[in-house]
Each structure stands twice: as C-alpha cells, then as structure tokens.
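Subject: Structure for your review

Dear colleague,

I am handing over the structure we spoke about, and my notes on it follow below. Please read them with the coordinates open beside you.

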Amino acid sequence: MAIAQKEPLSVADAPVKVNKQKTNWTPYYFLGPPLFIYLIWIIGPVFYTFYLSLTDWDGISPRAEFIGLENFQKLFGSIGSVLPSAFEYSLYNNLVWLLVFITVPTAIGLGLAILLNQGLPGERMFKVGIFLPQVLSFAVIALIWSWVYNPRAGILNELLLIFGWPEDNLPGWLADKELAIWSVIFAAAWRQIGYIMILYVAGLKNVPPTLMEAAEVDGANAWQRFWRITFPLLTPVTTIVIVISIIDSLRSFDLVQIMTRGGPANSTSVLANLMYIQAFNNYKFGLGAATAVVLFAISLVFIIVYLWRVMQDELEF
Amino acid sequence: MATIDTPNAPVLNRKRLTTAQWLTVLFLLVFTLIYMIPFLGAILTAFRTMDDISLNGFWSIPGELTLRNFPEAVQRAGVSRFLLNSFIITIPALTGTIFLSSLSAYALARYKFAGNKFLYFMYVAGTMLPFQILLLPVFLLSNNICVQEAYELGQFVLNVPFVDAKVCLYNSYLGVIMIHIAFQMGFCTFVLRNFMRSIPGEIMDAARIDGSSEWGIYWRIVMPLTLPGIAAVSTLEFTWIFNDYIWALILLSDGRKFPVTQGLSGLQGQFTTDWPLITAGALVATLPTLIVFFALQRYFIGGLTLGSVK
C-alpha cells in the first residue's frame, strides 16, 4: 500500500524532460564501444579492400603501386581462354553452387517441413537427425565426406562395389575433375537442408490450420492446398531462405579449402578460395583484394534484397 | 519462440493413422537413416581399425570394435590441446559479443536519435558480408597492433629472453577473439534489438521516474528481461564461433594455438590413411557443440528462426 501511495507522488515530482532542443547523448554512450570495434574491424576493412584492389601490393614491399583497374582487367581478361583460368572456374562453380543451393535444399527442406508438420509419430527424432549436420563444423563435415568419397576404401565406393559396380571403373569423386565440384556441393547441401527445414517449420506455424480445414471441406486436394494456400503464405520465408542460400553459397570456403584446395586443376575453385590462394599463398594482395571485391559486388545485390525485406518488417511496426 | 516441435500441428489420434500416414512415417524413417549414413558411418569408423576396413571393406560386419582411436586422437594427434584452444577463443569472444551487442541493441531499440535506422541497417548488412572482403585488412591490422615493449618487459619482469621484440595481435588468441566479436556483433545486435523492442516501454518509464539511471535501466531492467533472447543467440553464437575455420587460418601461425577446426584439417595430412583415427578426432571435436545443441535445443532453434523469420 505504501508503494501505491508513493508512486503518483514521484510522478509529480519528476522533472518533465521534453526539452527537444537539447540532444540526448545517452544512446551514443551505449553505442560508442561496440561501434568503435565495428568500424575498425568491419567497416574500415571493407573500404580498405577496395583500395588494395587498385594496387599491385605483394604484402611485403613497403610501398604499394597504384595501378587503377588493372587487377580487374587481369581477372576478367582471363575469361574465355583455351584453358579456363582459375577465375573462370571460380565464377562458374559459384554459379553452379548458387543454383543448386536455391533449388535442392529449398525444395527438400520445404518438403520435409510439410511432412514433419502433421504430428506424426517420431517427428521430433526425424527433425533432430536431419538438422544434426548443421551443428557440425565445416571442418568436421569436410573430413566425414572426404572419408565417404575416399576412392580406395571409402563408404561410397564400397557401397557401389556391393551393388556390382566394376572395380576397375570406380569414380574418383574428389579426385575426378568432372565430379569433384558436385561432390563438394553435395556435402554442402547435406549440411544446408536441415537449416532450411527448420526455417520452413517455423514459417508453417503462420499457416492457420483452420484455413486448411476450410479448403479441405471445399474439396481442395492436398496438391491444390499446397500450391494455393501453403506456398503463397510462405512467400516471406521463401524470400529469406533464398537470400540465405545465395549468401551461404557465395561464402563457401571451408569445405573447398579442406577437401580439395580448389583442385584438381582448379576444377573446384570458388571465388572465396581463389582469393585466399592469390593473397596468402601467392602474395598477390592486390589481385586477391580485387577478387574479394568481385565476390562482394555479387553478394551486395542479395544483401540489398535482404535489407529491403528487413526494412519491410520495420514498416509493420 | 519457435522450437523444433510443432505445437499447433493437428494432434493425431495415434491409434488411427491412415495408411498414407503410415507410409509417410516409413518414408521419413528410411530417408532420415540414409541421410545420416555419413555421420553414422563416421561413428562406426571411429570404433574400427583401418586394417579391418581395408581388408574386409567398410560395409562388412566389423571383426572387432575398439576404443583405441579415441585416446590416440586426443593425445597423440593433439585434439585435447586444440579443444582447449577452441574454448580459450570461444568463451571470451562469446562474452564480448553478447555484452557489446546488448549495448548497441539497447541504444537502437530504446532511443530515437539521428542515424538510428542507418546504424541498424549497417549491422544487419554486416551479417551477410563475405569474409573475403575483410581478410586482408584484418590480417594487416592484426600485424600492426603490437606491443613494442614486450622485449624489455620480458627481460625485466619475467627474465625471459624473447626472440621477437614485438608482440602483435597476429598469432595471438586475442586477435582471433577480436574479429569474432566484431563480426558476430551484427547478428547479435539485430536479434537483441528486436527482442528489446518487444519489452513494454512503460516498465522503463516507471524506472526512469523512480530515479533510475539510464545504465540502471539497461542493466537491471532490460537485460534481465532480454535473457531468453540472449540465451538463444548465445547457443547459436557458441556454435558459430567454435566452428570457425577461416579466421584461425588467417590470424594464427603457431600450431600450438590452433582451434580444433584447424587442428582437424591438419590431421588429414598427418594421418592420411588412418581414417578411424581421423574420424575419432572429428567426433571428439564435435562433442562440445553437440552437447550444447542437445542441451539447449530449444534456444538453438529459437535463435535461428529469430534471426531470420519473424
């Protein structure tokens, strides 16, 4: 009771703070320390990479020569030669990776989410099993799949032998120029599916069961219910899923680095990996920075789509 | 908060599953089992010997099961040291990320000021950056933030003759910790800011009227109410930082400081054909994140969905 009496009193006593002229510095005190670190470690470096991409710096000599767009000319000029350059391979592989990522994990993840949204027995167990790879590090996934793909005694080729595959004609997987990139992408997609499934499981919660029941009463079959009700209602989730898949595909580095290092003969090179090799193995900082800028430019398109989506969420408030 | 369960899915009477539903369950069972073959296969491999596998093939019934690979991986291959390094990096990085992000999240969620939206979008955009755009400058930065006096200090105080007169962020745990804090701040700020926005403003107004300082409001009112959000991002961030590979690769050169991800990738070169040893090491390396996932599953999944779909 004492509190109840005191409260209105303190409200009356409190000085009214509506002086609009004076800037309130409080938020800046809170923002200061994190923003300082963010500017030095993230924002500054983005711009510095742009600068480096216009130089021929080798990382060792004291001075870097400004060479304009020469690095970019070198990269894009290498496209279309008889032997595909590492850059050309990288662009192509990133594109393949991207296309696989926006289709395969999305479709399988959505399918699983729908199957696992009916309250069937064992649902939780299935979800955990499929989500599990997402918890593993890329390093562990790279090792596991290197063992699966191992041409000598690996899990996959041993299985092929059981099914009567001729022993002298077993695929080399990661050692095969044609198959290697697909093998790496497959391992990456294996990790991705669980994530996409969980996003859709969360999204399906916004599909009211009553709507489905009403459609069922009206005689819509499962196929129609999916395409006419569920899928359109999931559009916001699908947008996010596609953007995340694209960004993840462009970020792919760890698997390639550990499983193949871009080989055999550059056939699994991706931009992220190429940049690392140029800069840290060949000491071509300028060229590496230019490759990073190309990768950034591609990502930026999708970062903007993502921001636009977040901005729409903001307007709903 | 979303969980891995589907609470509002229609509850089926388990006795009356239709044939179609039984077939779905069967399909899901087979699918999940096939899906997990690489993982289950790795577990099985870790308990076998390479002789057995190369002689009889992977799909043979194991002649003998052995636990020998695990102590071997932990001691001889150094996985225990790598794991310790991972924790030395992850725990401070996680604490720093959460604390600093909560500061900026509070400012962005609770104050109107010039540039609020701009800073918010800057953090959101940062979560999507490809690492490659940061690699070279962060590498150079870490090589240039140094303590010059380390030599004198080492001789004078510790009586240790240092070979290198400079101690830099490069090849130090702190260097890796700093980039993790900075990079993960974007995602955490994004999630925590949205979480803090859902706290009713009246609570804070009441505290302000009672004479609480702005810091007091943040620390004693907003932070406790944000704990579920913090739990969600912490479980996720723990996994992400623990599983990092690229930053340790760029910023560490001393093998004794390698985290477990980088240590593991080295095992493959070192023990090329001893797959039981390699998979045993990989499984041990995965244990911390697996434990976190199974213990805090609800928060883990919640964090994932909080961060992307609202």
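A:Asn266 is found in the loop between α12 (254-259) and α13 (271-281) of chain A, where helices are DSSP runs of H or I with at least four residues, numbered from the N terminus. Although A:Asn266 is not a glycine, its phi is positive, at about 65°. A:Asn266 is also buried, having 21 other C-beta atoms within 10 Å; a residue counts as buried if 20 or more other C-beta atoms, placed from the backbone, lie within 10 Å of its own, as exposed if 12 or fewer do, and as partly exposed in between.

Before going further, the conventions: this is a predicted model, in which local features need pLDDT of at least 70 and side-chain atom pairs count only at pLDDT 80 or more, while totals for chains, interfaces and linings use all residues. Residues are numbered from 1 along each chain as its sequence is written, and chains are lettered from A and ligands numbered from 1 in the order in which they are written.

As to confidence, chain A averages a pLDDT (the predictor's confidence in each residue, from 0 to 100) of 86, and 92% of the residues score at least 70. Over residues 1-17 of chain A, however, the pLDDT is below 50, and this stretch has four contacts in the model beyond near neighbours in sequence, a contact being two residues whose C-beta atoms, placed from the backbone, lie within 7 Å. Where pLDDT is low, the predicted coordinates should not be read in detail.

A second residue with a positive phi that is not a glycine is A:Trp173, at about 50°, and its place is in the loop between α7 (155-162) and α8 (180-204) of chain A. A:Trp173 is buried, with 22 other C-beta atoms within 10 Å. For background, most residues other than glycine have a negative phi.

Turning to the contact between the chains, 84 residues come from chain A and 81 residues from chain B. On the side of chain A that touches chain B, helix α2 (residues 26-52) of chain A gives the most, with 17 residues. That side divides into 62 nonpolar, 15 polar and seven charged residues, where Ala, Val, Leu, Ile, Met, Phe, Trp, Tyr, Cys and Pro count as nonpolar, Asp, Glu, Lys and Arg as charged, and the others, Gly among them, as polar.

The axes of α2(A) and α9(B) come within 9 Å and cross at roughly 105°, with axes taken as lines fitted to C-alpha atoms, for helices over the stretch in contact, and angles running from 0 to 180 degrees between N-to-C directions. That makes α2(A) roughly perpendicular to α9(B), the label for 65 to 115 degrees, whereas angles under 35 count as roughly parallel, over 145 as roughly antiparallel and the rest as oblique. Among the residues making this contact are A:Tyr38 and A:Trp41 of α2(A) and B:Ile181 and B:Phe183 of α9(B), and the contact divides into 11 nonpolar, no polar and no charged residues.

Within chain B, helix α6 (residues 116-126) and helix α9 (residues 173-197) have axes that come within 7 Å and cross at roughly 125°, and α6(B) and α9(B) are therefore oblique to each other. Their contact includes B:Tyr120 of α6(B) and B:Met185 of α9(B), and by class it has five nonpolar, three polar and one charged residues.

With best regards

Key. Helix = DSSP H or I, 4+ residues; strand = E, 2+ residues; numbered from the N terminus.
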